[in-house]
Every structure is written in C-alpha cells, then in structure tokens.
Amino acid sequence: MRARRLGPRLVQLTRYGAVNCFLVTEDDGLTLVDCAMAGCGRDIVRAAGGVPIRRIALTHGHSDHVGALDEVAAAGVEVAKAGAAAGTVAEVAVSAREARLMAGDRSLDAGEAPSPVRGSYRAVRTRPTRLLQPGDRVGSLRVVASPGHTPGHVAFLDTRDGALIAGDAFATLGGIAVGGTVRWMFPLPAMATWDRATALASARVLLGQNPSLLAVGHGAALRIPGVAMDRAIAEAERGLRRG
Ligand SMILES: [Zn+2]
C-alpha cells in the first residue's frame, strides 16, 4: 500500500490508487480507521512501524472498508503472544446500526428510507467490541452520524485539528462527489449507496463541522474542503431534483 502523510497525526494508506484507510496518532498508539481490502493486513501493520494499533474504528461495513479487519486483529494477537501486550488491538468500534448490517441483517428501521441496502458486506470473524452512537469518542475522534451510503455510516472528526475522515459519505476519485453521485471514472461507491437523499442530508451535516481537511475512502484528501464540499452538495441537490 502507498502511505501518504496528510498531517502530523494522520497517514493515509492506499491500495490500487483507489481504496483508502487511515492511521491516526494518539498518545497511547494508533487508531486505524477502516481496514481496506482483504490482503492489506500485512501492509497496514507494517505501516504502523511498530507503534501499537490500539483501536480499529469503521466508517461502515462494506467489503473494501473491513477487508483486512481479521488480518489486523490477528496480527495484534500474534504480537501479544510474542510477549508485547502493547500490540493488542483493544477495541473494534463500529456504529450500532452498522453492526446489524455486518451481522447479515439488512432489515430497515421505521423512519429510514425504504430503499434496499446496497453493496457487499463481506463476512468478517472479528466482532465489534464497542458499538458507537453519534457523539461518542474513539480516542480523539468524535463520531458524526452520516447515514446515506449505508444506514449506519459514520464519519470521524479529529477534535484536535478538525480533520474529517468521511468514509464514503464523500468521494474525490474522478472529482469530489457526495456519496451516491456517480463519477464514471469510479462509479462503485455511488452504485453501492443506499439512499441519495439521506446521503445529501449527511453531507450538509459534515460540511457544518467545518473540517480543516476532508479524507475519504476513495480518492485524495482535500485541504480547506468547504468550497469543494459545497459544490458537491449543490450537484447532488440538482441530481436529486432530476430524479
Ligand atoms: Zn462503501
């Protein structure tokens, strides 16, 4: 995987130029946000450079965000067996709503858009140890509900510097877009989006966090992203009106 430092506390790891996950530095080690694809575990652990991955936090349960979860969790156990307890992944955190989808339950709640949930949920053995609610903290990251791409999608805002890890609520590959707006160069996240109106409402909420940096699951991060997010929101509004 290709590693790119986005800031003093944030590194983006990229597979095939298209699938991102993130290492966030905390005082006690690292938080891994998302787990890219199966086969990425070794690269993720190597990128941590011996610093323990204390927590794994997931934006949502699609295969290209949880693919290496079992591998990274197993690597933590291996390090612990070797006598270095510091290597153990102590926490696997996912939103309570998304955990249900990851467990194979695609039923919708009252009040949710009546569209079928889309995208691939690959079975993972590693169970979440913590179910997140909006406003919760994972280390320095605050959980921001951002349903739309999936019903339980969340973003993570670093309260220290305003960096926002937005998962698939936005994508920048082929041009910035709200989740659900098709970019023909890379249409997969849009095709896997559950409900575009919900995604649009979440995009506005994320813009309202006034992020200093927008990091996404697919594509390059943007600094001072407000204007670009605003543009993507306007485009998504026009797209919804056209139907
Ligand atoms: Zn996704």
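**Strands and helices in a predicted model**

Colleague: Which strand is joined to β1, and by how many bridges?

Modeller: Strand β2 (residues 10–15) is joined to β1 by 5 bridges, and the two run antiparallel. Strands are DSSP runs of E of at least two residues, and helices are runs of H or I of at least four, numbered from the N terminus. Two strands pair if DSSP finds at least two bridges between them. Within this pair, A3 stands opposite L13 of β2.

Colleague: What is the basis of the numbering and of the model?

Modeller: Residues are numbered from 1 along each chain as its sequence is written. The model is predicted: local features need pLDDT of at least 70, side-chain atom pairs count only at pLDDT 80 or more, and totals for chains, interfaces and linings use all residues.

Colleague: What is the order of the strands in the sheet?

Modeller: The sheet is open, with 7 strands in the order β1-β2-β3-β4-β5-β6-β7 and mixed pairing. Its edge strands, β1 (2–7) and β7 (130–132), each pair on one side only.

Colleague: Turning to helices, at what angle do α6 and α7 pack?

Modeller: Helix α6 (residues 196–208) and helix α7 (residues 226–242) pack at about 160°, with axes 10 Å apart. Axes are lines fitted to C-alpha atoms, for helices over the stretch in contact, and angles run from 0 to 180 degrees between N-to-C directions. The two helices are therefore roughly antiparallel, a term for angles over 145 degrees.

Colleague: And what is the average pLDDT?

Modeller: The protein averages 92, and 94% of the residues score at least 70. pLDDT is the predictor's confidence in each residue, from 0 to 100.

Technical notes
Parallel < 35°, antiparallel > 145°, perpendicular 65-115°, else oblique.
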